[in-house]
Amino acid sequence: MNTLKKILATIVMTAMTSTAFAVANPSYEDVRAAIDNTLAKVEEAKAALDNGANNEAVIDMVTDARQLQKDIANNVLDLKRNQASNVLKQARTALSNNEPQAAKESLADALNRYKEIKQLYAANH
């Protein structure tokens with residue numbers, strides 16, 4: 001009887017946790033909006049850097065872009081999203097080290113990568 005109770009308790013706990021922690025897949029519109037928002041923020045950071053904005057302001061924009069890109073939830077795009085995120089991290093590091101030319105190159109690279117992600121996503125949906 002004790003074994004039966006343990007088995008029943010395990011089944012009940014499994015059922016409760018599997019439904020409680022289920023995460024819905026984001027819709028096409030959600031992923032598309034995340035891509036567009038990230039791309040816009042990277043463009044904003046690049047334009048600000050090109051126009052001579054201070055490094056701290058651009059760092060904040062790059063940080064915002066890295067946060068926004070986390071919502072690009074799509075298995076096909078995960079590797080490319082992670083690679084683009086690493087390029088944004090390089091841009092932020094360059095800005096922190098007061099290396100504006102390296103930051104400009106990284107932001108241009110990131111911009112191209114997010115444009116590619118947008119094209120890939122559009123082609124697959």
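Tutor: Start with burial: buried means under 20% relative accessible area, exposed over 50%, and partly exposed in between, with a 1.4 Å probe and protein chains only. Helices (H or I, at least four residues) and strands (E, at least two) are DSSP runs, numbered from the N terminus. This is a predicted model, in which local features need pLDDT of at least 70, side-chain atom pairs count only at pLDDT 80 or more, and totals for chains, interfaces and linings use all residues. Residues are numbered from 1 along each chain as its sequence is written, and side-chain values use heavy atoms, with hydrogens and water left out.

Student: Where is confidence lowest and where is it highest?
Tutor: pLDDT is the predictor's confidence in each residue, from 0 to 100. The chain averages 87, and 84% of the residues score at least 70. Helix α1 (residues 2–20) is lowest, at a mean of 63, and α3 is highest, at 96.

Student: What makes the buried residues of α3 line one face of the helix?
Tutor: In α3 the buried residues are Val58, Ile59, Met61, Val62, Ala65 and Arg66. Seen down the axis of α3, they fall within an arc of 160 degrees, so they line one face. The arc is that of the directions from the helix axis to the C-beta atoms. Their cover includes α2 (28–50), α4 and α5.

Student: Why is Ser106 called buried?
Tutor: Ser106, in helix α5, has a relative accessible area of 12%, under the 20% limit, and is therefore buried. Contact means heavy atoms within 4.5 Å; leaving aside neighbours within four places in sequence, Ser106 is in contact with Val87, Gln90 and Ala91.

Student: Why is Asn98 called exposed?
Tutor: The relative accessible area of Asn98 is 57%, over the 50% limit, so the residue counts as exposed. Asn98 is found in the loop between α4 (78–96) and α5 (100–124). Asn98 is not a glycine, yet has a positive phi of about 55 degrees.

Student: How many aromatic pairs does a search of the whole structure find?
Tutor: The search finds 1. That pair is Tyr28 and Tyr121.

Student: What makes the pair of Tyr28 and Tyr121 stacked?
Tutor: Rings of Phe, Tyr and Trp (its six-membered ring) pair if their centres lie within 6.5 Å; planes under 30 degrees apart count as stacked, over 60 as edge-to-face and the rest as tilted. Here the values are 5.3 Å centre to centre and 15 degrees between the planes, so the pair is stacked. Tyr28 in helix α2 and Tyr121 in helix α5 are 93 residues apart.
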